[in-house]
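Student: I'd like to go through this model with you. Can we start with the terms?

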Amino acid sequence: MFRFGKYKGYTLADVERIDPGYIRWARQNAPNLIPKPQKAPTTQLVDEDGDAYIKPYKDLPIINPSDAF
């Protein structure tokens, strides 16, 4: 999100859609004006078996595959 300037309060995606020329100009003339991308979380939750942990599915019952059909 732009914190100052002509598009204060707008996201980068909004400004790219509204005025792509402004983004090109800012990258060349005022690179500090372009918001920095936010970092994604670096840690991944893992269950006791070392598998990726997906919380919503934690309490699903384990069934026999032959029971599924």
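Tutor: Exposed means over 50% relative accessible area, buried under 20%, and partly exposed in between (1.4 Å probe, protein chains only). Helices are DSSP runs (H or I, at least four residues), numbered from the N terminus. The model is predicted: local features need pLDDT of at least 70, side-chain atom pairs count only at pLDDT 80 or more, and totals for chains, interfaces and linings use all residues. Residues are numbered from 1 along each chain as its sequence is written, and side-chain values use heavy atoms, with hydrogens and water left out.

Student: Which residues of helix H2 are buried?

Tutor: In H2 (residues 20-29), they are Tyr22, Ile23 and Ala26. They line one face of the helix, because seen down its axis they fall within an arc of 100 degrees, taken from the directions from the helix axis to the C-beta atoms.

Student: What is on the face turned away from the buried side of H2?

Tutor: Arg24 and Gln28, both exposed.

Student: And what do the buried residues of H2 pack against?

Tutor: Helix H1 (12-18); contact means heavy atoms within 4.5 Å.

Student: New topic: what does Phe2 contact?

Tutor: Leaving aside neighbours within four places in sequence, the contacts of Phe2 include Tyr7, Val15, Tyr22, Ile23, Leu33 and Ile34.

Student: Which residues make up the largest nonpolar core?

Tutor: Nine residues: Phe2, Tyr7, Val15, Tyr22, Ile23, Ala26, Ala30, Leu33 and Ile34. H2 gives the largest share of this core, three residues. Such a core is a set of buried Ala, Val, Leu, Ile, Met, Phe, Trp, Tyr and Cys residues joined through side-chain atoms within 4.5 Å.

Conventions:
Helix = DSSP H or I, 4+ residues; strand = E, 2+ residues; numbered from the N terminus.
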